[in-house]
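This report is meant to be read with the sequence and the 3D view side by side. Please keep both open as you go through the sections below.

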Amino acid sequence: MEQRMKEMKPITGNDWQHMRTATKLARYALDHDETPVACIFVHTPTNQILAYGLNDTNKSLTGVAHAEFMGIAQIQRATGAHDREIYKDITLYVTVEPCIMCASALKQLGLRRVVFGCGNERFGGNGSILSIHSDESTAAANKYSSVPGLLRKEAILLLRYFYVRENERSPNPRVKAERKLDLETFPPMEWSRYVDRDEFMHCFGAENVRHFDDKTDLRDQVEWGLIDEPHDKVLELIQRQCDAFRLHTAKKFKS
């Protein structure tokens with residue numbers, strides 16, 4: 001338990017800022033007719049983005065083209081497919097809880113920390129359905145910490161924006177004309193699915209423990225600018241950071 005607390009680490013301003021970047025990237029995905037789920041991989045010691053991912057299931061018609069796998073592919077191209085050393089220094093920021101498949105892949109690679117927005121009620125692998133990140137079934141030595149709830153409302157709203165649209169690439173299109181976009185109500189935040197009370201206080205501070213007890217979000221207000229405004233330049237900005245990181249570490253991580 002003590003080791004788990006140590007690995008979880010308190011949430012900082014950097015964590016919030018990286019989640020904002022991931023959320024902007026999810027909005028970019030929405031504007032390009034993809035499911036608005038996105039992530040960035042951050043090299044924790046330098047606080048630099050080294051890879052990113054957007055869902056590509058609509059465009060590729062491939063069910064496994066999840067944002068996390070897109071980012072992992074970038075890391076493998078940069079460092080070598082068999083080199084897993086770098087993953088122990090990476091924090092993943094993703095707008096939606098990794099599914100069971102992605103959670104397992106992250107664990108086997110040796111990732112140490114995941115920060116996410118909203119839960120994945122159907123396929124979540126970090127607490128909603130299974131707790132792959134902390135179980136003993138696969139790669140027991142590679143357990144990683146998982147922190148939920150950052151910009152949860154924004155992640156939920158982006159998904160709602162997507163699901164009220166018609167998805168022409170869906171194999172079984174649903175009639176959505178009668179669906180109304182709910183911008184005001186949100187399901188309770190079941191913190192205890194993901195962290196216990198002590199872990200919550202360690203991550204978010206004792207002053208915020210009322211949110212754990214009341215099952216409420218960390219922040220009442222939605223950051224509407226993240227989800228209502230287009231972010232056409234975010235991909236270019238992230239790519240620039242990734243290129244800069246690879247340039248400065250090319251010799252260290254050369255295959």
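## Cysteines

Cys242 is buried, with a relative accessible area of 0%, where buried means under 20% relative accessible area, exposed means over 50%, and partly exposed covers what lies in between, using a 1.4 Å probe and protein chains only. The model is a predicted one, in which local features need pLDDT of at least 70 and side-chain atom pairs count only at pLDDT 80 or more, while totals for chains, interfaces and linings use all residues. Residues are numbered from 1 along each chain as its sequence is written, and side-chain values use heavy atoms, with hydrogens and water left out.

The structure holds zero disulfides, a disulfide being a pair of cysteine sulfur atoms within 2.5 Å. Cys102 is accordingly in no disulfide, and the nearest cysteine sulfur, that of Cys99, is 3.7 Å away. Cys102 is also buried, with a relative accessible area of 1%.

## Helix α6

Helices are DSSP runs of H or I with at least four residues, strands are runs of E with at least two, and both are numbered from the N terminus. Helix α6, residues 152–163, has twelve residues and reaches 17 Å from its first C-alpha to its last, close to the 16 Å expected at 1.5 Å a residue; the expected span is 1.5 Å times one less than the number of residues.

Ten of the twelve residues of α6 are buried, so that the helix is mostly covered, and among these buried residues are Arg152, Ile156, Leu159 and Phe162. The buried residues of α6 pack against α2 (13–31), α3 (57–60), β3 (90–96), β4 and α9 (224–228), where a contact means heavy atoms within 4.5 Å.

## Helix α7 and its ends

In helix α7, residues 197–204, the buried residues are Glu199, Phe200, Cys203 and Phe204. Seen down the axis of α7, these buried residues fall within an arc of 105°, so they line one face of the helix; the arc is that of the directions from the helix axis to the C-beta atoms.

At the N-terminal end, Asp196 caps α7, with a side-chain oxygen 3.2 Å from the backbone nitrogen of Asp198. Just after α7, Gly205 takes a positive phi of about 95°.

## The loop around Gly127

Gly127 lies in the loop between β4 (113–118) and β5 (145–147), and at 12% relative accessibility it counts as buried. Leaving aside residues up to four places away in sequence, Gly127 touches Glu97, His133, Arg193 and Tyr194. Gly127 and Trp191 are 64 residues apart in sequence and 9.5 Å apart in space, C-alpha to C-alpha.

## Salt bridges

A salt bridge is a side-chain nitrogen of Lys or Arg within 4 Å of a carboxyl oxygen of Asp or Glu, and by this rule the count comes to 14. In one of them the side chains of Arg20 and Glu223 meet at 3.0 Å, N to O. Arg20 lies in helix α2 and Glu223 in the loop between α8 (209–214) and α9, so the pair ties together parts that are 203 residues apart in sequence. Arg20 is buried, with a relative accessible area of 18%, whereas Glu223 is partly exposed at 23%.

Arg160 forms a salt bridge with Asp182, the closest N and O atoms being 4.0 Å apart. This pair links distant parts of the chain, with Arg160 in helix α6 and Asp182 in the loop between α6 and α7, 22 residues apart. Salt bridges that share partners also join Arg20, Arg219 and Glu223 into one network.

Conventions:
A polar contact is a pair of N or O atoms within 3.5 Å; within protein, one must be able to donate a hydrogen and the other to accept it, and residues adjacent in sequence count only if both atoms are side-chain atoms.
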